[in-house]
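Please read the following report alongside the sequence and the coordinates. The headings take up one topic at a time.

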Amino acid sequence: MRAVPGGALLACLGAVLACADGGEVGLTGPRLTVRWTGADTAAFDAAATAERCDTLHVVVIRAISGDTGVGLALYDSGTLRAGTYPIRPPEKADSAVPAAALGLRWFAKTAVQGFQGDSGQVSLRRSGSGALSGTFTAKAHAISGAGGLRLTGSFDGLRVKPAALGCLPPAPAGDSAAARDSTAQSRDRQPGVD
């Protein structure tokens with residue numbers, strides 16, 4: 001199986017997959033490679049990107065090819081530093097920095113297979129020019145149904161760019177995160193609002 005491939009990270013990965021053209025961007029340049037065993041066994045290698053959202057203190061690394069995608073979210077306290085980022089479930093990763101979250105998905109014969117990381121770690125390195133590289137190991141569980149995976153992977157040559165979508169603007173002075181979330185949810189429910 002060449003085509004390889006939670007929470008919000010898996011949903012974000014799903015939205016990106018829906019818009020992807022399925023074309024591979026060549027065999028050189030920034031890459032992410034991962035192999036897993038368990039409920040399924042496969043390997044994946046694809047072009048990768050890294051985007052930073054300053055207001056959320058997160059860098060999201062994505063690799064997508066065809067209908068398969070892998071995403072890593074690296075949470076920091078404002079500056080992404082070389083070192084170890086423990087992988088936690090997505091709902092806990094952003095509150096205990098430094099930390100990471102992992103999502104993986106692919107389309108099987110009859111259903112979408114989605115997994116999210118429970119434990120493991122990302123070892124991050126930065127070159128003198130600022131490019132990111134690193135390795136990761138993780139245990140992940142199926143989002144729906146049963147099954148688990150053990151993953152090992154690496155990424156290399158990533159240049160961090162500002163997030164194109166999904167990053168909240170800075171809050172006005174005195175604004176609370178709860179108020180921003182409420183406003184965003186209200187806006188999302190309005191027809192015709194993008």
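## The disulfide

In this predicted model, the structure holds one disulfide, which joins cysteine 53 to cysteine 167 with an S to S distance of 2.0 Å. Cysteine 53 lies in strand β2, whereas cysteine 167 is found in the loop between β10 (160-162) and α3 (177-189), so the pair ties together parts that are 114 residues apart in sequence. Because the torsion about the S-S bond of cysteine 53 and cysteine 167 is about 80°, the disulfide is right-handed.

The two partners can also be described by their accessibility: cysteine 53, at 5% relative accessibility, counts as buried, while cysteine 167 is partly exposed, with a relative accessible area of 30%.

## Overall composition

The protein chain contains three helices and 10 strands, and from the N terminus on its elements follow the order α-β-β-β-β-β-α-β-β-β-β-β-α. Of its 194 residues, 38% count as buried. The accessible surface of the protein chain comes to about 10,200 Å², and 55% of that surface belongs to carbon and sulfur atoms.

## Antiparallel strands and their hairpins

Strands β7 and β8 run antiparallel and are joined by 11 bridges; within this pairing, leucine 124 stands opposite glycine 134 in β8. The hairpin of β7 and β8 has five residues between the strands, and in this hairpin glycine 130 takes a positive phi near 95°.

Strands β8 and β9 likewise run antiparallel, with nine bridges joining them, and histidine 141 has glycine 148 in β9 as its bridge partner. In the hairpin that β8 and β9 form, there are five residues between the strands, and glycine 145 takes a positive phi near 85°.

## Nonpolar cores

The largest nonpolar core comprises 33 residues, of which Leu32, Trp36, Ile61, Val122, Leu151 and Phe155 touch the most other members. At least two residues of this core are supplied by each of β1 (31-38), β2, β3, β4 (68-75), β6, β7 (112-126), β8 (132-142) and β9 (148-158). Another core, of eight residues, lies apart from it and has Val58, Val60, Ala73 and Tyr75 among its members.

For leucine 151, when its neighbours within four places in sequence are left aside, the contacts are with Val34, Arg35, Trp36, Leu102, Leu104, Phe136, Thr137, Ala138 and Ala140.

## Glycine 83 and its surroundings

Glycine 83 has its place in strand β5 (residues 83-86) and is partly exposed, with a relative accessible area of 28%. Although glycine 83 and serine 123 are 40 residues apart in sequence, their C-alpha atoms are 5.7 Å apart in space.

## Backbone exceptions

Most residues other than glycine have a negative phi, and most peptide bonds are trans. Histidine 57, by contrast, has a positive phi of about 55° although it is not a glycine. This histidine 57 is placed in the loop between β2 (42-53) and β3 (58-65), and it is partly exposed, with a relative accessible area of 33%.

A further exception concerns the peptide bond from valine 97 to proline 98, which is cis, with omega near -5°. Proline 98 is found in the loop between α2 (90-93) and β6 (99-107).

Notes: Residues are numbered from 1 along each chain as its sequence is written. This is a predicted model: local features need pLDDT of at least 70, side-chain atom pairs count only at pLDDT 80 or more; totals for chains, interfaces and linings use all residues. Side-chain values use heavy atoms; hydrogens and water are left out. Helices (H or I, at least four residues) and strands (E, at least two) are DSSP runs, numbered from the N terminus. Buried means under 20% relative accessible area, exposed over 50%, partly exposed in between (1.4 Å probe, protein chains only). Accessible areas come from the Shrake-Rupley method with a 1.4 Å probe; for residues, only the protein chains shown count as cover. A disulfide is a pair of cysteine sulfur atoms within 2.5 Å. A nonpolar core is a set of buried Ala, Val, Leu, Ile, Met, Phe, Trp, Tyr and Cys residues joined through side-chain atoms within 4.5 Å. Contact means heavy atoms within 4.5 Å. Two strands pair if DSSP finds at least two bridges between them.
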